[in-house]
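Me: Hi! Could you walk me through this protein in simple words?
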Amino acid sequence: MAESTPPTAVRTPAAPAAPARATLILAIIWVSYFMVILDNSIVFTGLPQIRSAMGFFETGHA
């Protein structure tokens, strides 16, 4: 009877740590949300001055 050799173990690369990936994704979402809020704040703050500088009125007539 022939002696069988055990199968060789197949090594797979280690997957990235789930908590680190989740933290990175959460940080990207948070920074993106902050940029949207900051952009809206700048636009809404500047709109009245832009409107008056361009000669627009609330009624739409010059």
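Below is a short chat about the helix, the aromatic rings and the surface.

Reply: Happy to! This is a predicted model, where local features need pLDDT of at least 70, side-chain atom pairs count only at pLDDT 80 or more, and totals for chains, interfaces and linings use all residues. Residues are numbered from 1 along each chain as its sequence is written, and side-chain values use heavy atoms, with hydrogens and water left out.

Me: How many helices and strands does the protein have?
Reply: One helix and zero strands. Helices (H or I, at least four residues) and strands (E, at least two) are DSSP runs, numbered from the N terminus.

Me: And how far does H1 reach?
Reply: H1 has 36 residues and spans 52 Å from its first C-alpha to its last, close to the 52 Å expected at 1.5 Å a residue. That expected span is 1.5 Å times one less than the number of residues.

Me: Where does H1 bend?
Reply: At Leu47, by about 40°, and Pro48 follows within four residues. The bend is the angle between axes fitted to the seven residues ending there and the seven starting there.

Me: New topic: how many aromatic pairs are there?
Reply: The structure holds one. Trp30 and Phe34 are stacked, 5.9 Å centre to centre with 10° between the planes. Rings of Phe, Tyr and Trp (its six-membered ring) pair if their centres lie within 6.5 Å; planes under 30 degrees apart count as stacked, over 60 as edge-to-face and the rest as tilted.

Me: Where do Trp30 and Phe34 lie?
Reply: Both are in H1 (residues 18–53), four residues apart, about one turn of the helix.

Me: Is Trp30 buried or exposed?
Reply: Trp30 is exposed, with a relative accessible area of 58%, while Phe34 is partly exposed at 42%. Buried means under 20% relative accessible area, exposed over 50%, partly exposed in between (1.4 Å probe, protein chains only).
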